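Please look through the structure shown below.

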Amino acid sequence: MAMKNVMKATLAQGKQTDILFADDLKDLSSHLGGYGRLVMWVFDTNTAKLFKQLPPSHVVLESGEISKNFASLERILSSALDEGLARDGRIIGFGGGVVCDMAAFASSIYMRGCRLTLVPTTLLSMVDAAVGGKTAIDFHGVKNIVGSFYPASEVLICIDTLRTLSDKEFLNGLAEVIKHALLSQDEELYKFLLVKKNEILSRDAKTLAQLVELSLAVKQWYIEQDPTETMGIRQMLNLGHTFGHALESSSHFGQFSHGAAVAWGTCRALEAGVTMQVTDKAYASGATKLFKSYGYQIDHRIGRGDWIEFRDHLLKDKKKVDGKVLFVLLEGQGKAVLKSIEMPLVQHLVIAKPLF
Ligand SMILES: NC(=O)c1ccc[n+]([C@@H]2O[C@H](COP(=O)([O-])OP(=O)(O)OC[C@H]3O[C@@H](n4cnc5c(N)ncnc54)[C@H](O)[C@@H]3O)[C@@H](O)[C@H]2O)c1
């Protein structure tokens with residue numbers, strides 16, 4: 001059966017990404033088999049395990065953020081050259097956000113751009129990393145600092161690939177979905193999350209397909225208006241990330257996964273909005289309850305002794321005006337604004353008892 005074409009996202013330089021949904025793994029592999037031999041695959045050590053036999057031309061990266069570097073990029077480019085991949089050849093990234101970012105970056109520079117298909121296999125990469133055209137590696141300890149804009153021509157989503165994903169990684173992606181629900185121009189995703197909690201957490205395949213489709217539509221709305229993030233619209237997708245990154249970094253990437261930190265950070269941004277009379281109190285309270293209902297540690301507090309380290313990480317944020325860090329706040333459903341927050345208020349928000 002042909003894969004269901006769900007959307008076309010128009011991105012950087014007018015390029016289009018077709019987002020296709022596979023019914024099952026068989027449907028996915030018959031689509032991928034159609035490319036013939038002009039392809040090179042990129043896996044990581046976990047997604048390679050999903051194949052009984054790996055395709056002839058492939059690179060397997062070590063799993064995790066550690067692989068987002070020049071050495072991995074060089075490995076992909078060297079293999080492409082060794083395999084004789086021409087400009088009309090295709091790189092297929094089969095994995096989470098790390099594999100998607102690496103395959104996309106390599107495609108963007110191999111022969112000044114070759115074809116690219118992404119098969120995201122984590123919830124986070126399905127709703128976020130695979131779509132939107134951003135590619136990057138980490139460099140000199142700075143995350144995503146070297147990269148390019150290069151939208152995939154195709155993104156193939158197969159919910160069945162999520163079966164082997166750990167609960168921790170699943171919740172990592174779900175935090176971005178809830179964030180999308182707050183940023184959406186309508187309430188469909190928000191209501192879906194309220195009503196379908198049990199089906200989502202038990203990973204019912206049909207429910208997850210609907211969830212991913214709704215979440216992608218929100219990301220698409222932001223990226224289509226601002227494909228290369230120059231108009232201050234796409235930035236709004238960073239809701240919860242300023243507080244969240246500081247928490248992730250100051251907890252030394254141990255206690256909090258990225259998603260858990262984004263969930264926590266979004267709730268701090270909601271509280272900031274209420275305190276500054278930007279956000280409606282009832283809306284903020286409802287959104288915080290939604291995060292809590294999915295099990296996120298929203299009530300976590302920074303110890304007084306950890307404040308300086310937290311603040312220093314916060315001050316490294318890229319979104320600054322006149323030296324003041326800007327935060328994405330919500331006026332209400334889908335109405336995001338960028339505002340600076342005075343440091344004493346930030347300190348209060350992360351140390352004192354939560355508002356809700
Ligand atoms: N380009 C973008 O717009 C964008 C957006 C968001 C995030 N990102 C990037 O994405 C990365 C995070 O993505 P991620 O959370 O998917 O991380 P990841 O790619 O490291 O995947 C998380 C873990 O899940 C494993 N995994 C992947 N698929 C699996 C499966 N089906 N079954 C079992 N295990 C599986 C991976 O091997 C890894 O251990 C970060 O580097 C981030 O910068 C990019």
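A search of the whole structure finds 13 aromatic pairs. Rings of Phe, Tyr and Trp (its six-membered ring) pair if their centres lie within 6.5 Å; planes under 30 degrees apart count as stacked, over 60 as edge-to-face and the rest as tilted. Trp41 and Phe94 form a tilted pair, with 6.3 Å from centre to centre and 45° between the planes. This pair links distant parts of the chain, since Trp41 is in strand β3 (residues 39–44) and Phe94 in strand β5 (residues 90–95), 53 residues apart. Strands (E, at least two residues) and helices (H or I, at least four) are DSSP runs, numbered from the N terminus. Trp41 and Phe94 are both buried; buried means under 20% relative accessible area, exposed over 50%, and partly exposed in between (1.4 Å probe, protein chains only). Phe291 and Tyr296 form an edge-to-face pair, 6.0 Å centre to centre with 75° between the planes. Both Phe291 and Tyr296 are buried. Ring pairs also link Trp41, Phe43, Phe51 and Phe94 into a cluster.

This is a predicted model: local features need pLDDT of at least 70, side-chain atom pairs count only at pLDDT 80 or more, and totals for chains, interfaces and linings use all residues. Residues are numbered from 1 along each chain as its sequence is written, and side-chain values use heavy atoms, with hydrogens and water left out.

Next come two helices. The axes of helix α5 (residues 167–183) and α10 come within 6 Å and cross at roughly 30°. Axes are lines fitted to C-alpha atoms, for helices over the stretch in contact, and angles run from 0 to 180 degrees between N-to-C directions. The crossing makes α5 roughly parallel to α10 (under 35 degrees; over 145 is roughly antiparallel, 65 to 115 roughly perpendicular and the rest oblique). On the α5 side, the contact (heavy atoms within 4.5 Å) is made by Asn172, Ala175, Glu176, Lys179 and Leu182. The α10 residues in it include His258, Ala260, Val262 and Leu270.

Leaving aside neighbours within four places in sequence, Glu176 is in contact with Leu124, Val127, Asp128, His241, His258 and Val262.

Helix α13 (residues 343–351) has Leu345, Val346, Leu349, Val350 and Ile351 as its buried residues. Among the elements that cover them are α9 (241–250), α10 (258–275), α12 (307–315) and β11 (324–332).
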